[in-house]
Amino acid sequence: MAKQRIVDAKAQRVDKRPAGSPLRPQRLSEYVGQRDLIEKLSITLQAVCERGEPMEHILLHGPPGLGKTTVAHLIAVEMGTRAYTASGPALTKAGDLIGTLTRLQQHDVLFIDEIHRLPPAVEEYIYPAMEDFKIDITVDSGRHAKVITMALQPFTLIGATTRAGLLSGALRNRFGISHHLRFYPQEDLVTILRRATEVLAIDEIPISALGVIAARSRGTPRVTLRLLRRVRDFAHVRAGGRIDEQIVGEALALEGVDELGLDELDRSYLRTLGQTYHGGPVGLEAIAATLAEDSGTLEDVVEPYLLQIGFLARTRQGRRLTPAAAKHVRCSAPQGDAEPHRSGDSLFGPNSPRPQPAVVARPRPAPTIHGPVES
Ligand SMILES: Nc1ncnc2c1ncn2[C@@H]1O[C@H](COP(=O)(O)OP(=O)(O)O)[C@@H](O)[C@H]1O
Ligand SMILES: [Mg+2]
């Protein structure tokens, strides 16, 4: 993994705060943005609560830092139950999962992050648990093998994934609600920032300054909150706590974040493509070798945003720089059509290119199951 980047949407040590942290929305009604998801969830929550049923199983997919974990915890809050957190790759043995499932009380939430990395052998146990609230455990082996069925309390499974495409069809079909979280428009990020400044008691910060932070946050609440903290520190040390557009600009320039939210790694990627490879097309491995970076890191953390803002085109022949990107890093644009893939919605409207899912091998962490209510 490359060095930590301030604009990385993945959680870093600095973002780890308890689920009860005042910066996280405390109720579903305080959740900013993702209005279609929140409305859908509120209706189902009211209906199941009035009928005394557990909440539907929910699959949340979308890029990191957009609020999947937050939504999972808020659902447990609204149900008045507890949330247990587990991570797909950490559930290496069926026993890890069975232990957690049997511990769940009525209507509790089991949140499985990175559910696409759940081992197939463990996934098999989830199907009957989700459908019939039971698990079949095989005891002994050979002639003495017996299958014991254990009843579970009715619970809600909430799965989160950045790669919905890697989920097996069988698992995906068992979720009653499946939702793709979108990048946040600038006004929603400004609302999140305003709430954070109240909680952090950052006084007298003009909306225009918050607008500058929001515009450089890659449509991602986690990035916007991280940038706010850096700006606050900078203002505290260099400007007696005063924050305005100029201070924000200086603080973010010091972090290497430009007016589009790109950092030095993004820019060197674009320059390599523009200067060394004359705008492409060129294979990812070649760019990675020139930059001495891991190709998985580039595909996972650099390319999605560049694709999204239309700075990069992924063609069958390889990566190509678009004219807009060439202008940004002052390189000459490649000859020919560098039109990026266009599909779905993104930060800049329904016709902008959207991040392509990437598959990278990752090391497996040791098994951990936390509970209740951790993040
Ligand atoms: N809609 C929102 N309103 C306010 N803060 C949010 C919102 N969505 C996410 N956040 C904040 O952004 C950070 C990342 O959210 P998280 O739920 O951990 O994202 P994910 O699980 O999708 O990676 C958290 O600090 C969370 O409080
Ligand atoms: Mg998360």
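Author: Ala, Val, Leu, Ile, Met, Phe, Trp, Tyr, Cys and Pro count as nonpolar, Asp, Glu, Lys and Arg count as charged, and the others, Gly among them, count as polar. By that sorting, the shell around ligand 1 has 10 nonpolar, five polar and three charged residues. Please keep in mind that this is a predicted model.

Reader: Which residues are the closest to ligand 1, and how many surround it?

Author: There are 18 residues around ligand 1, and the closest are Gly67, Lys68, Thr69, Thr70 and Pro221. The elements that give two or more residues to this shell are helix 2 (68–79) and helix 8 (221–238).

Reader: What makes Leu97 count as buried?

Author: Leu97, which lies in helix 3, has 26 C-beta neighbours inside 10 Å. A residue is called buried if 20 or more other C-beta atoms lie within 10 Å of its own, so with its 26 neighbours Leu97 counts as buried. Leaving aside neighbours within four places in sequence, Leu97 is in contact with Leu91, Val122 and Tyr125.

Reader: How do you know that the buried residues of helix 3 line one face of the helix?

Author: The buried residues of helix 3 (residues 94–103) are Leu97, Thr100 and Leu101. Seen down the axis of helix 3, these buried residues fall within an arc of 100°, so they line one face of the helix.

Reader: Why is helix 3 called roughly parallel to helix 4?

Author: Helix 3 and helix 4 (residues 120–132) pack at an angle of about 30°, with their axes 8 Å apart. Angles under 35 degrees count as roughly parallel, and therefore helix 3 is described as roughly parallel to helix 4. In this contact Ala94, Leu97, Ile98 and Leu101 of helix 3 meet Ala121, Val122, Tyr125 and Ala129 of helix 4. By class, the contact has eight nonpolar, no polar and no charged residues.

Reader: Which residues of helix 9 are buried, and how do you know on which side of helix 9 they are?

Author: The buried residues in helix 9 are Ile247, Val248, Ala251 and Leu252. They cover an arc of only 125° around the axis, which puts them on the same side of helix 9. On the face turned away from that buried side, helix 9 carries the exposed residues Gln246, Ala253 and Leu254. The buried residues of helix 9 pack against helix 7 (207–215) and helix 8. Helix 7 has buried residues too, namely Ala209, Leu210, Val212, Ile213 and Ala214, and what covers them includes helix 6 (186–199), helix 8 and helix 9.

Reader: Why is His107 called buried, and what does Glu114 count as?

Author: His107 has 20 other C-beta atoms within 10 Å, and because the definition of buried asks for 20 or more, His107 is buried. Glu114 has 19 C-beta neighbours inside 10 Å. A residue with 12 or fewer would be exposed, and the class in between is partly exposed, so Glu114 counts as partly exposed. His107 lies in the loop between helix 3 and strand 3 (109–113), while Glu114 is found in the loop between strand 3 and helix 4. The phi of His107 is near 65°, a positive value in a residue other than glycine, and Glu114 has a positive phi of about 50° although it is not a glycine either.

Terms used:
Residues numbered from 1 in each chain as written. Chains lettered and ligands numbered in written order. Predicted model: local features only at pLDDT ≥ 70, side-chain atom pairs only at ≥ 80, totals over all residues. Helix = DSSP H or I, 4+ residues; strand = E, 2+ residues; numbered from the N terminus. Arc of directions from axis to C-beta. Axes fitted to C-alpha atoms, helices over the stretch in contact; angles between N-to-C directions. Parallel < 35°, antiparallel > 145°, perpendicular 65-115°, else oblique. Contact = placed C-beta atoms within 7 Å. Near = placed C-beta within 6 Å.
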